[in-house]
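Visitor: Please take a close look at a single part for me. I would like the side chains and their surroundings in one connected account.

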Amino acid sequence: MYRDNKECFVLGILVGGVVAGLTAGLATLLFAPKSGEEVRGDIKDHTVKTKDQAKDYVNKAKDKGLELKDSVRQTSSEYLESATATFEQLTNQVGTDLDEAKENLDKIKEEAKDTAENVKGKMNKEDKGSSKNDPTTPQATL
């Protein structure tokens with residue numbers, strides 16, 4: 001997983017500081033002209049100092065991790081709210097469009113029914129009228 005550039009930068013600073021501190025401290029301790037007892041005391045002091053620095057770095061890293069966790073939580077919450085709102089808007093729009101489509105379909109059905117009845121009525125009138133003038137139709141005489 002790739003990390004954010006700021007995270008990598010902070011992590012690099014922390015690791016670089018620890019490595020630089022250890023290297024400089026050990027070089028000073030080992031190459032300084034001191035007695036064995038003094039060197040052991042300096043190593044002990046340097047070890048305590050390095051431990052304290054490491055604890056500080058760990059605490060800073062924990063704080064940054066908590067900040068990142070809170071940031072991710074907030075961002076994901078905002079995204080979820082946005083997605084929910086968008087879904088509701090789309091659902092409402094589809095519902096409205098569906099209602100309009102049903103109304104239009106009902107109107108079309110009604111118009112088709114009316115048109116069919118009109119055509120049927122006209123055909124019945126034409127059939128009655130054409131049978132009087134049709135020479136093949138038997139005519140009743142009085």
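Guide: Partly exposed means a relative accessible area between the buried class, under 20%, and the exposed class, over 50%. The model is predicted. The part to look at is helix 2, residues 36-133.

Start with the salt bridge. Glu67 pairs with Lys64, and their closest N and O atoms are 4.0 Å apart. The salt-bridge cut-off is a side-chain nitrogen within 4 Å of a carboxyl oxygen. The count by this rule is one salt bridge. The two residues are three apart in helix 2, so about one helical turn separates them. Glu67 has a relative accessible area of 47%, so this residue is partly exposed. Lys64 is partly exposed too, at 46%.

Now Thr50, also in helix 2. Its relative accessibility is 16%, and therefore Thr50 counts as buried. A polar atom of the Thr50 side chain lies 2.8 Å from the backbone oxygen of His46. The cut-off for a polar contact is 3.5 Å between N or O atoms.

Last, the charge on the surface. A patch of negative charge gathers Asp97, Asp99, Glu100, Glu103, Asp106, Glu110, Glu111, Asp114 and Glu117. Take Asp106 from that group. Asp106 sits in helix 2. Its relative accessible area is 48%, so Asp106 is partly exposed. Patch members need over 30% relative accessible area and no salt bridge, and like charges are joined within 9 Å.

Notes. Residues numbered from 1 in each chain as written. Predicted model: local features only at pLDDT ≥ 70, side-chain atom pairs only at ≥ 80, totals over all residues. Heavy atoms only, no water. Patch = residues over 30% accessible without salt bridge, like charges linked within 9 Å, V, L, I, M, F, W, Y side chains within 5 Å. Areas by Shrake-Rupley, 256 points an atom, 1.4 Å probe, with all protein chains shown as cover. Lys, Arg positive; Asp, Glu negative; His and termini not counted. Charge placed at Lys NZ, Arg CZ, Asp CG, Glu CD. Helix = DSSP H or I, 4+ residues; strand = E, 2+ residues; numbered from the N terminus. Buried < 20%, exposed > 50% of the residue type's maximum accessible area, 1.4 Å probe, protein only. Polar contact = N/O pair within 3.5 Å; in protein donor to acceptor, adjacent residues only side chain to side chain.
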